[in-house]
2 protein chains.
Amino acid sequence: MVTLAEVAQHARVSASTVSYVLSGKRSISAGTRERVEHSIRELGYHPNAGARALASNRSNIIALMVPLRTDMYVPVMMEIAIAVATTARTHGYDVLLLTGEEGPDAVRRVTSSGLADGMILMDVELDDERLPLLRGGVAGQGRPVGEQEQPAVLIGLPSDTTGLTCVDLDFRATGALCVDHLAALGHRDVAVIGEAPAVYERHTGFAERTLQGLRSRGGELGLRLLHRPCAGGYDATAVTLARILDERPDTTGFVVQNESAVEPLLALLRQRGRAVPEDVSVVAICPEQVAVQASVALTSVALPAQEMGRRAVDHLVAKLEGRGGDEVVLLAPELTIRASSGPAPARP
Amino acid sequence: MVTLAEVAQHARVSASTVSYVLSGKRSISAGTRERVEHSIRELGYHPNAGARALASNRSNIIALMVPLRTDMYVPVMMEIAIAVATTARTHGYDVLLLTGEEGPDAVRRVTSSGLADGMILMDVELDDERLPLLRGGVAGQGRPVGEQEQPAVLIGLPSDTTGLTCVDLDFRATGALCVDHLAALGHRDVAVIGEAPAVYERHTGFAERTLQGLRSRGGELGLRLLHRPCAGGYDATAVTLARILDERPDTTGFVVQNESAVEPLLALLRQRGRAVPEDVSVVAICPEQVAVQASVALTSVALPAQEMGRRAVDHLVAKLEGRGGDEVVLLAPELTIRASSGPAPARP
DNA sequence: CGACACAGTCGAAGCGCTTCGACGACTATG
DNA sequence: CATAGTCGTCGAAGCGCTTCGACTGTGTCG
């Protein structure tokens, strides 16, 4: 193992000089810098992470807490995780992968052991038990003794965002956008095939916010909106669709939020002789890829997974460097019109 | 921040005693142990990771290198990653998430900075460029100067496994198992819908090995086997299926390896009036969940993602603790019969 | 032309932990 | 009863790095 001292010796300078060449925190003459850099390359030196963390009190590691359950949006999670990892690298950080399993304990462990400099949390619930540990110092509202603030960014939006930095798609606007589109095409009866019931029971923000957006805009536009949670998969979707058409036979518009209900829905509609988009229109909220690869290319609002991962890291790094404070970033949804939506059929 | 020294002071013992209580490397009297543990709890002490890594030369971190591309098997990757993370925690390790992006450099960086104690690599190619850095000391075959061995476990199987520890599903046996099943049901013309062409071009081991298994057993049993790569998604699958039925109209058995071709295939067969399983049988190689949720519950060989993640960690930890050496672990495939396969229809 | 700023370098302290050797107090052994 | 061994504890020496203050030499200004 090559150490700083060996590099220093090889370059005939002191250890501190090598350190300053590496960090750039003091000016170094061009000649010295070159000699040192040459020695570093020649010896294949890599600074020891532990020593660095100990001395500088920064680990250059970001913790990423992913949900343990794999019941939803797995590809989206993965995409976010990968975007986080690659973006972090461009800032010189590595990413530590935590699962939700440990819950708040993980936050405490990582914070107080100095394992990570900051953390990014995915799949935040509306009233997440980890939040108290993360909130910035709010005036007159100290944290429990011995707990210090951990710079953090949430991907998702809890109900109370004070002292928190959050990045998320604007799901309210997303819901509104879907409704707008269908209403503009003349649809009056719209069904919403939502996430699995468990997702609502957990009070996952995005699902509820989408619904709010759908409902409030739907109300404004005078649509008849029917929302049904759906576990996804073929059988569950079949049941959900049957119930919907039973209750509201005139339904001509569908908004689907559960990506694992998308393909089953299309197949079922086909089976029932309802052509897409001639008889019914379908708008999905799902990753681009799912929309494009579906058996009917789907009009959809994309889930900008990469963008969210990138933004989360950028904000966290800004915080770590003392720039920028708490902030809620809501990404504007974009609707892409594809082949699954069209004018509502003429009323009989 | 609470330090070891403060705990020691609080418990009225020396710092080293606290350290030994924590590590258990020397015997401690029950009374002292209790006092120390009490102080630790009371002060909310968490050892500083950097200091620990520096002094002990072990970081208690495992690096997990996931493929950058998200073109295949994303849920499987995610499941493996989560299994790795949770299993690692049970051994007292955390997991560092690396993307394939940096390639061999990431291996070098992590190795020589002491960031991680060992690594797990996913999506290994047959002749992966990272392998030379990982191979154990093979007799008479030293590593380049300055490179030291990094304890590693691969998930996947390269062509040359000398000096390597690998964990994978036995894809050869998997292929054979699929063919066996179809042959036993009387199918003579079997088509294989494989992974995307790019996967074969990269020489990803599992795809080629599955094919070998299919072909060799198919040959023994006298089947007519037709293999076609398929990018997945509806359109690509439609093209692939059309070609297959064009070339071999008598095809009654399908083996599908690309999970994103599964649902499209079922829809397309339905459309062409070929009933599953009455007219054609389908066997899939995919995660359990996909098989169960499909529009026809699929007879399948499951991809044991969790199992692979767990095993990889267990083996790596064993290595790190000096137990066990290089080894290739091939998990035996298991075929679950569901609704998508049945006796071949009588010949006209 | 002396005082002063500043760039460039060094030495040393110290980050919080592990671990080695030492040492006193006991217990077993012949 | 002397000797060896064992158990439980301590002190001190680092691990490899960052960073602070100090020092030297050069250029600048009044």
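Predicted model: local features only at pLDDT ≥ 70, side-chain atom pairs only at ≥ 80, totals over all residues.
# How chains A and B meet, and what the terms mean

Author: Chain B and chain A each give 46 residues to the contact between them, where contact means heavy atoms within 4.5 Å. Residues are numbered from 1 along each chain as its sequence is written, and chains are lettered from A and ligands numbered from 1 in the order in which they are written.

Reader: How much area do chain B and chain A bury between them?

Author: About 4,100 Å², with 65% of it on carbon and sulfur atoms. Of the area that chain B buries against chain A, 14% comes from B:His46, B:Met78 and B:Leu97, more than any other three residues supply. Buried area is the accessible area (1.4 Å probe) that two parts lose on being put together, summed over both.

Reader: What makes A:Asp94 and B:Arg109 a salt bridge?

Author: The term asks for a side-chain nitrogen of Lys or Arg within 4 Å of a carboxyl oxygen of Asp or Glu. The closest N and O atoms of A:Asp94 and B:Arg109 are 2.7 Å apart, so this pair qualifies. Between chain B and chain A the count is four salt bridges.

Reader: Which elements of chain B give two or more residues to the side that touches chain A?

Author: They are helix H4 (49–56), helix H5 (74–90), strand S2 (94–99), helix H6 (104–113) and helix H11 (259–271). H5(B) gives the largest share, nine residues. By type, the residues on this side of chain B are 24 nonpolar, 15 polar and seven charged. Here Ala, Val, Leu, Ile, Met, Phe, Trp, Tyr, Cys and Pro count as nonpolar, Asp, Glu, Lys and Arg as charged, and the others, Gly among them, as polar. Helices (H or I, at least four residues) and strands (E, at least two) are DSSP runs, numbered from the N terminus.

Reader: How do you know that strand S2 of chain A and S2(B) pair?

Author: Two strands pair if DSSP finds at least two bridges between them. Strand S2 (residues 94–99) of chain A and S2(B) have three bridges, in the antiparallel sense, so they are a pair. A:Leu97 stands opposite B:Val95 there.

Reader: Which strands of chain B pair with S6(B)?

Author: S6(B), residues 189–193, pairs in the parallel sense with strand S7 (residues 224–228) over five bridges. B:Asp189 stands opposite B:Arg224 in S7(B). S6(B) also pairs in the parallel sense with strand S8 (residues 253–256), over four bridges. In S8(B), B:Phe254 stands opposite B:Ala191. Five of the five residues of S6(B) are buried: B:Asp189, B:Ala191 and B:Ile193 on one side, B:Val190 and B:Val192 on the other.

Reader: Is B:Thr174 buried or exposed, and why?

Author: Buried means under 20% relative accessible area, exposed over 50%, and partly exposed in between (1.4 Å probe, protein chains only). B:Thr174 has 0%, so this residue is buried. B:Thr174 lies in helix H7 (residues 171–184) of chain B. Leaving out residues up to four places away in sequence, B:Thr174 touches B:Leu169, B:Ile285, B:Val301 and B:Pro333.

Reader: What is said about phi of A:Arg12 and of B:Asp123?

Author: Phi of A:Arg12 is near 60 degrees, a positive value in a residue other than glycine. Phi of B:Asp123 is near 55 degrees, again positive in a residue other than glycine. A:Arg12 sits in the loop between helix H1 (4–11) and helix H2 (15–23) of chain A, and its 72% relative accessibility makes A:Arg12 exposed. B:Asp123 sits in the loop between strand S3 (118–122) and strand S4 (152–155) of chain B, and with 12% B:Asp123 counts as buried.

Reader: Where does a cis peptide bond join two residues of chain B?

Author: Between B:Val276 and B:Pro277, with omega about 10 degrees. B:Pro277 lies in the loop between H11 and strand S9 (281–286) of chain B. In chain A, a cis peptide bond joins A:Val276 and A:Pro277, with omega about 10 degrees.

Conventions: Heavy atoms only, no water.
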